[in-house]
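Colleague: I would like to learn how to read a model of this kind, feature by feature. Please give me the general idea each time, and then the case at hand.

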Amino acid sequence: MGINIIRLKRIIWYLSFLLFFSVPMLFTGLVKATTTSCGSINCVTESSVSPGGVVNACSTNYCLNASLGDTGIGNSSSANYQAYGGYTTTADPYIELVTPNSVTNVGVLSSSSTASTTAQFSVRAYLASGYTVTNGSPAPSAVSNGITHYLTTPSTPTASIIGTEQFGINLVANTSPSTIGSNPQQLPSSTYSYGTAATGYNTSNLYKYVQGDIIAQSASSSGYTTYTVTYIFNISNTTPSGFYNFSHTLIATGYY
Amino acid sequence: MKLKHKIKDISSRAKYLASAGILSIGLVAPLALSSSANAATVSSRSIQMSTAAQGATGVTYTVTFTPSGTSVQSLVLDFCDSTSSPIPGAACATGAGVPDFTSATVSSTFMTSVTAGTKGLGQIKIAGTAASTSSTAQTITISNVTNPTSAAQTTCTATNGSGCTFYGRVYTYGNATYGTYSSATSIGSAVDTGGFALATSQSITITATVKESLTFCASKTQPSAGCTTGVAAPALTLGHGSPTALDSTAVDADTAYFGCSTNANGNVVVRIKGTVPTSPSSNTIPAVSAGGSAGPYSITAGTAAFGLRIGTVSGTDYSASGVTLTAKYNSATQYSWDTTSATNNTGLGAGDQIATVAPSSDAWAKLNFAATAALTTPAGIYTASESLIATGTF
């Protein structure tokens, strides 16, 4: 009986000792990130890497993402919760919008044919309730005779009509006016990424454009979704002449 | 023996006290390390930019969130660059990679009479004259913000085409002086806190060209849109009887058309220029009313005169859209042939304006030429050659 009491006292002593040193480490481990600069690329490194953590090892021009002790990669979710594992996820709320740094000239427009082109952008968002991507720009415009003219844009999904002034977009694969565009691509797969084209911009061969419209979205956190935007231009005989410019600004908003 | 037991009891109690002390310190120490742990988190929060273009000015940031309760009278919005995090109170780097609120204005019904306090690069403080009374979703509109520039967001533009993430943090306070907030890493006792992630991006630029276009024709018959069909040589004959001749008993007329298709948003001016009917021996049938410029004038049979008019019925005399007639030619019965004003129908001038045409794919007008001879008009074959001139302003 006396021996058991002594053992119990020792156990309490050891537990107290262990608790004293371990609990603060558990808390501080969450906030011990430091920032370093790696040549022309800045990256974030952790001062220490615990299982499941992230480290970026950098040389002058390259950074390497690595992880330690991950037990799984990907998404798990229930009706109300969603969780991510793996080295490509981030620990903080995060949203990224990647657009190409490109200028496309579709050439001289004609009232007897449709001009079209495509561009891509990618979005990912973590620890979010989802995201939306919105059209931030007015329609293509040109100044002619001192008057700014904006191309007419269908406010409802509309087929391409040659000879009718019309500028529209969609985010899916089309066969008219030509085989152009593609459906949203989930990277690395639909297991990890969930972005979709929004209503009004998700029907093949139908185009619309409204400034302020949501054109893409995800209802939850998502890995990269790459969207292909198809742009169509039709003009009439009365479309004012000029050099039409369209700077398509996309606004990605994360909801947390 | 008893003394030995007492010494043992004192030793045991000391161990118990030491254990309890260490245990207490172990439990309290983590709490001391975690600052601002008592603030609630605003939910359903987002910040929407009116444009995500890097370096854009005049941008509107719409901040939406649901506070945990009421009685908020001020708040601070901090923005940190992509090397930082959205975690309230954590390290926050600004530099130039964050939005600039220096010229920003704010509006909201969240608090009474909201005004902006301190504002600058990466930060804006907002306060009201009275505390909030609602815990439902709130919106704060911040206008005239300058987005971070691409040059400043070097961490993102190093990767071709990459957008750039930066972070926002909101802290709310129960008084109008931002509680005990002193910096992004020392936020004091906030009522609510919350973090946001935002992203700027480069814009997708597409250019296209529309050429200036003007199609114009003169025809004996009404031409189709764009003068593609229905065009016949506009050879007119004025006269009656057989063989066809002018005399003093009637005013004889014939018609022709012009057709016009254009995208000239400064309109097309249609002018006419030429001669009055002239015989090989240089005798003429004079312009109506001696070529006056204040027409239209009547042509009376037997008084030699030549003139032009365009009727007044839209859809019959000229196209229902696109054409605006010059008053002196716009008559159902009377005519003009201006030889006196500066831009008259003859000479070296540009001709006299008979109509303007707005951008249209199918504008047209029916031109009625008429003449009569006097009893003294010399015999002969009289010929007039008229040119229609269309000038577009683009």
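The dialogue below goes through confidence, secondary structure, sheets, cores and a loop residue.

Modeller: Before the features, some conventions: residues are numbered from 1 along each chain as its sequence is written, while chains are lettered from A and ligands numbered from 1 in the order in which they are written. This is a predicted model, in which local features need pLDDT of at least 70 and side-chain atom pairs count only at pLDDT 80 or more, whereas totals for chains, interfaces and linings use all residues.

Colleague: What does pLDDT average in chain A, and where does pLDDT stay under 50?

Modeller: pLDDT is the predictor's confidence in each residue, from 0 to 100. Where pLDDT is low, the predicted coordinates should not be read in detail. Chain A averages a pLDDT of 74, with 64% of the residues scoring at least 70. Over residues 17-90 of chain A the value stays under 50, and for that stretch the model has 101 contacts beyond four places in sequence; two residues count as in contact if their C-beta atoms, placed from the backbone, lie within 7 Å.

Colleague: How many helices and strands does chain B have, and what does the secondary structure of chain A come to?

Modeller: Helices (H or I, at least four residues) and strands (E, at least two) are DSSP runs, numbered from the N terminus. By that rule chain B has two helices and 19 strands, and chain A has one helix and 21 strands. A residue is called buried if 20 or more other C-beta atoms lie within 10 Å of its own, exposed if 12 or fewer, and partly exposed in between, with C-beta atoms placed from the backbone. Buried residues make up 35% of the 256 residues in chain A and 45% of the 394 residues in chain B. Of the contacts in chain B between residues at least 6 apart in sequence, 71% join residues at least 24 apart.

Colleague: Into which domains is chain B divided?

Modeller: Domain bounds come from an automatic or database domain assignment, and here they give domain 1 (40-200) and domain 2 (214-392) of chain B. The C-alpha centres of these two domains lie 70 Å apart.

Colleague: What is the strand order in the open sheet that contains β2 of chain B?

Modeller: Strands of a sheet pair through backbone hydrogen bonds, either parallel or antiparallel. Two strands are taken to pair if DSSP finds at least two bridges between them. The four strands of this open sheet in chain B follow the order β2-β3-β8-β5, with antiparallel pairing. Its edge strands are β2 (43-49) and β5 (105-108) of chain B, each of which pairs on one side only. Five bridges join β2(B) to β3(B), and S46(B) stands opposite T64(B) in β3(B). Six bridges join β3(B) to β8(B), where the bridge partner of T64(B) is T139(B). Four bridges then join β5(B) to β8(B), residues 138-145, with T105(B) opposite S143(B).

Colleague: Which residues form the covered face of strand β3 of chain B, and which the uncovered one?

Modeller: In a regular strand the side chains alternate between the two faces of the sheet. In β3 (residues 59-66) of chain B, the covered face holds V59(B), Y61(B), V63(B) and F65(B), and the uncovered face holds T60(B), T62(B), T64(B) and T66(B).

Colleague: Why is one side of β12 and of β15 of chain B left without a neighbour in the sheet?

Modeller: These strands belong to an open, antiparallel sheet of four strands in chain B, with the order β12-β13-β18-β15. Because β12 (214-219) and β15 (305-309) of chain B stand at the edges, each has a single partner strand, and one side of each is left without a neighbour in the sheet. β12(B) pairs with β13 (residues 252-262) of chain B in the antiparallel sense over six bridges, and the bridge partner of T215(B) in β13(B) is S261(B).

Colleague: Which residues touch the most other members of the largest nonpolar core?

Modeller: A nonpolar core is a set of buried Ala, Val, Leu, Ile, Met, Phe, Trp, Tyr and Cys residues joined through C-beta atoms within 7 Å. The largest has 87 residues, of which I95(A), A252(A) and I142(B) touch the most other members. Strand β9 (residues 164-173) of chain B supplies the largest share of this core, six residues. Apart from it lies another core, of 46 residues, among them Y257(B), C260(B), V276(B) and A355(B). Leaving aside neighbours within four places in sequence, the contacts of A252(A) include I95(A), V133(A), A52(B) and A199(B).

Colleague: Is S189(A) buried or exposed?

Modeller: S189(A) is exposed, because 10 other C-beta atoms lie within 10 Å. S189(A) lies in the loop between β15 (185-186) and β16 (196-197) of chain A.
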